[in-house]
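Biologist: I'm new to this one. Can you put it up and walk me through a piece of it?

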Amino acid sequence: MSGPLPFGRTPPVERSALTAAFAFDALSRWPYPEAPGLQAHDAADLLLLDTLQAWLDAGHGADATGDGGAVVVLEDRHGALTLPLLAAGHDVRVGQDALAHERSLDANVSRWATPLPGALHRGTLDPALVAGAHAVLLVLPRSLDALEQWAHLVAEHAADDVILLAGGRDKHMTPRQNTVLGRYFQSVVPGRGRSKSRVVTARGPVRGRPAPFPRTAVHALPGVGPVALAAHGATFGGTAVDPGTRLLLEHLGEAATVDRAVDVGCGNGTIAVYLAMLARRGGRAAAVVATDQSADACASTALTVGLNGVADVVEVRRDDALASFPEASEQLLVLNPPFHAGNAVDTRVALRLFEAAARVLRPGGELWCVWNSHLMYRPDLERAVGPTRQVTRDRTFTVTVSTRG
Ligand SMILES: C[S@@+](CC[C@H](N)C(=O)[O-])C[C@H]1O[C@@H](n2cnc3c(N)ncnc32)[C@H](O)[C@@H]1O
């Protein structure tokens, strides 16, 4: 190679052996629901891989990312980035916020029929994950805060010549993502679109910017007064109190007194801290388990419970859809269900949590749930859990309690 490409230039991208030689259709979405028409890869995954190969062919990071070298992959969902790289002999360092995505990638690796000679390393949102990296592939997250958190980590700890390739489907991309990347990189270049997908190349890390997360904010919660909420970048709703959750809390004090309650999908820990503060006042549940599949949400909830002095009452547990809870073990579950799987609106993720709740509740146990009224979850709750009554509703949200039969 005659030298690195100047900022602003990117190599031409074509279909490469990385994607042409890989059986993407053999990847499974498990533990996410499988259905006809749903795939475990998309065109943005293929474009990311072909863009990386174009940079490698242009001589980028030849020592560290050539055959056997390490590539960092962030927010892969089912392994559609990681497995082709492993198959081509690259070592891969993977960082994923969602435990369901970790489980999906692991399942695909363990059942893959052909050799995957590269080595797979797992990491958390931590400098070691990206330290010294020359090439980072990122599936663009839906949240700009999550993107900012990754951009800061890469800019701060990767190699000087790092290329951060951030890819997504056109329908999920906005110029604001480039603005966020532009805070942490001198050069941000959107590539040419292909199959309604695009890759943005960021280079020239800007070091020394303050870490954008965690953040904190104080809110008054119904019945318990001011609480501090903490949030890392990939946490649902940041440091805000979700309006649906606020409506739920206005009525949650009516729930039966129990030994222990579970905050399912705890996010920034609003519900967990509310339950713990009620317990402090001699009210409801004596202990709380706060659980979320998001590593960031668990870290945020741990900060929140610490800030409010209730760490002795709240156990924070990273778990996918209550998988670690025994059958018929719990009396009270509280849920503000998610309605996104990755970037896509997908109500099946809520249905999966209703089924998990049904498995974990004891007979007579209750699932308190708040949902956007237009989603009309009541028949789903009746079917999955048991008799369901409306506790309250406002212009947007409905609060229900479902009793396990
Ligand atoms: C709508 S948010 C509610 C967050 C928080 N409880 C609140 O009220 O602000 C839904 C949460 O469910 C979590 N979640 C999504 N899928 C999950 C799963 N399979 N297992 C556990 N938590 C999950 C998300 O990470 C997110 O934090």
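Predicted model: local features only at pLDDT ≥ 70, side-chain atom pairs only at ≥ 80, totals over all residues.

Biologist: Why does Val 316 count as buried?
Modeller: Because Val 316 has 24 C-beta neighbours inside 10 Å. The cut-offs are 20 or more other C-beta atoms within 10 Å of its own for buried, 12 or fewer for exposed, and partly exposed in between, with C-beta atoms placed from the backbone.

Biologist: Where is Val 316?
Modeller: Val 316 is in strand β12. Strands here are DSSP runs of E with at least two residues, helices are runs of H or I with at least four, and both are numbered from the N terminus.

Biologist: What is Val 316 in contact with, leaving aside neighbours within four places in sequence?
Modeller: Ala 290, Cys 298, Thr 301, Ala 302 and Val 305. In contact means that the C-beta atoms, placed from the backbone, lie within 7 Å.

Biologist: Which residue of β12 does Ala 290 stand opposite?
Modeller: Val 316. β11 and β12 run parallel, joined by five bridges; two strands pair if DSSP finds at least two bridges between them.

Biologist: How many residues of β11 are buried?
Modeller: Five of its six, so β11 is mostly covered by that definition.

Biologist: OK, new topic. What's the order of strands in the open sheet?
Modeller: The sheet has seven strands, β12-β11-β10-β13-β16-β18-β17, with mixed pairing. At the edges are β12 (314–318) and β17 (388–393), each pairing on one side only.

Biologist: And which helix packs on the sheet, touching β11 and β12?
Modeller: That's α11, residues 295–307, whose direction makes about 170° with that of β12. Axes are lines fitted to C-alpha atoms, for helices over the stretch in contact, and angles run from 0 to 180 degrees between N-to-C directions.

Biologist: What do β11, α11 and β12 make together?
Modeller: A right-handed β-α-β unit. With the strands pointing away from the viewer, the path from the first strand over the helix to the second runs clockwise.

Key
Residues numbered from 1 in each chain as written. Contact = placed C-beta atoms within 7 Å.
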